[in-house]
Amino acid sequence: MTRLGLPRLIILSNRGPYTTSVVRRRVVARRSSGGLVAALEPLLRSQGGTWIAWDDRLPGRRRPPPLTPDRDSFTLRLLSLNEPAASNYYHGFSNRILWPICHGFLDKCRFDHVFFRDYRRCNQEFSRAAVREASRQDVLWVHDYHLALVPGQVRDLAPYLKTLLFWHIPFPPAWVFKAMPWAREILEGMLGADVIGFHTREYAGHFLESCRMLLGLPVNEDRGEVDLGRRRSRIVACPIGADVAAFDGLARRRGVLLKAHQLRKSLGVDRIILGVDRLDYTKGILERFLAYELFLKKYPQHRSRQVLLQVAVPSRTRVQDYALLRRQIDETAGRLNALYAEGSWIPIRYSYRSISRESLAVLYAAADVALITPLRDGMNLVAKEYVASHTRDDGVLIISELAGAAEELEEALIVNPYDLEGVADTLRRAMDMTLKEKTQRMRALRRRVSSRDLNWWAREFLGSAGFAVPPPAAGRGTARQTGARSEPAAWLQPVGRFSAREMN
Ligand code: GDG
């Protein structure tokens, strides 16, 4: 494929790159956490372009103004979507249909036609905004399951535009996807893209299988192509990487190391086992607690010697399943602590909140074992960030075979998250592992994670669409520079300097 330079990018995602809030009458803006923003914000800042996202801030007097970065970098367009359509699009179709079905949780789906109607409408708003914004040479890069219909809608409105789609969550086998009454419309919408990216070969294979079985289209599995008659869609597997430079940099900071040391001392145990997840049923937090309980039961000699630190970040609190899960997790942690605590030792320390990136780095650095046991996960960046943070090749990573990351991270201890006994035994293995084995495994993991970081992913995916991304220029937009910054950037502070442009 010809390698072109990178044209102007137009990025579309449900959430934008910054979150704003009003704190003591001042607008406080931060770069949103999460891998997507960490990869694309520096790229857009160095290349120029536009980011289109939903303006999901609460309406009202205290609503902070929308923000864009410096005039000379890129434009942020925030899209206002009307209620209740916005809610049906986001809480409804995205999070009560596409999210559970793609993770294989059919029983959690609520197939409501109104959800789909409003999902289509809201996607149409995004598509119109993109077409208004784009000139012929621009490339649209659409992100994730919230915007599955956008590539097809854009193709109807402006067939000359090149459109790329990256799907950040798993793609299920055809027989699962088929259960959704709108499976064909979603596939057709996605196929509007010239290139569709997934994290793993497995997901890409499932997508090709769905195109063949549900749409009857000729697919070429070896070349990763769907034949659409007058054109082809290219399907690629391109695993997202972590912001390695940022986490490696944080892990070497004196302040972070000192806090990690203090944390270990204050907990008074030999070992820290860590879990960090959005509070989501796909992340397997409840099952992890139960496996940990089994570990305490089976190996009583290990009691009092370690603690499980679990950070659960609030997520989708308006969806009933999430509220229920939160209660179950609270109760299970309480029950375990009541049953097994001895003296000052508490088996589980559990917090339900979001923490700063620096605090996250402290936890990564302090943890002897990362216990990452999702029941299904597109990739799981926490696993890669944990590895990136262990600059001295120590620490043990336990990862679920149902997370996309397990395909790459071969030297981790791989578990089946449903097999509680297997997880308990693997925990014991991690506790008893020799330093030599830990070092060998972690060294190999660090090599993998560093060679395929976030910038690699962006370059690789855009490369598969025929675009050559220039290497990050020294002094501007490099991962090290932008990623290592844990506080809001200087340009995020004074409100007056923002060139705000809002869109309806
Ligand atoms: C979706 C897919 C795929 C977490 N807690 C805090 C915090 N984080 C950051 C982590 C990490 C990110 O959020 C979480 O990423 P994950 O990959 O683990 O999970 P999802 O949010 O479900 O992401 C997933 C991903 O998209 C990318 O394609 O890997 O499979 O489900 O970067 O560091 N950041 C801060 N405070 C927290 O409390 N600051």
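Where does Pro84 lie? Pro84 is found in the loop between strand 6 (75-79) and helix 2 (85-102); helices (H or I, at least four residues) and strands (E, at least two) are DSSP runs, numbered from the N terminus. The notes below take up this loop and several other sites.

1. Basis of the note. This is a predicted model, in which local features need pLDDT of at least 70 and side-chain atom pairs count only at pLDDT 80 or more, while totals for chains, interfaces and linings use all residues. Residues are numbered from 1 along each chain as its sequence is written, and side-chain values use heavy atoms, with hydrogens and water left out.

2. The cis peptide. Glu83 and Pro84 are joined by a cis peptide bond, with omega about 0°.

3. Residues around the ligand. The ligand has 24 residues around it, of which His168, Ile355, Asp377, Leu381 and Glu385 come nearest; a residue is near a molecule or strand if one of its heavy atoms lies within 4 Å of it. By class, this shell has 10 nonpolar, 9 polar and 5 charged residues. In this scheme Ala, Val, Leu, Ile, Met, Phe, Trp, Tyr, Cys and Pro count as nonpolar, Asp, Glu, Lys and Arg as charged, and the others, Gly among them, as polar. Strand 13 (271-278), helix 12 (357-366) and helix 13 (381-389) each contribute at least two residues to the shell.

4. An oxygen atom of the ligand lies 2.6 Å from an N or O atom in the side chain of Asp377. For the side chain of Arg278 the corresponding distance from a ligand oxygen atom to an N or O atom is 2.9 Å, and for that of Lys283 it is 3.1 Å. The protein covers 87% of the 730 Å² of accessible area that the ligand has on its own; accessible areas come from the Shrake-Rupley method with a 1.4 Å probe, and for residues only the protein chains shown count as cover.

5. Gln306. This residue lies in strand 14 (residues 306-313). Gln306 has a relative accessible area of 0% and is therefore buried, a term that means under 20% relative accessible area, with exposed over 50% and partly exposed in between (1.4 Å probe, protein chains only). A polar atom of the Gln306 side chain lies 3.4 Å from the backbone oxygen of His302. Beyond its neighbours within four places in sequence, Gln306 is in contact (heavy atoms within 4.5 Å) with residues including Tyr292, Trp345 and Met431.

6. The loop between strand 7 and helix 4 (150-157). Leu149 is placed in this loop and is buried at 6% relative accessible area. Leaving aside neighbours within four places in sequence, the contacts of Leu149 include Phe116, Tyr119 and Ile186. Asp144 is also in the loop between strand 7 and helix 4; phi of Asp144 is near 80°, a positive value in a residue other than glycine.

7. Asn380. Asn380 is not a glycine, yet has a positive phi of about 95°, and counts as buried at 7% relative accessibility.

Notes. Polar contact = N/O pair within 3.5 Å; in protein donor to acceptor, adjacent residues only side chain to side chain.
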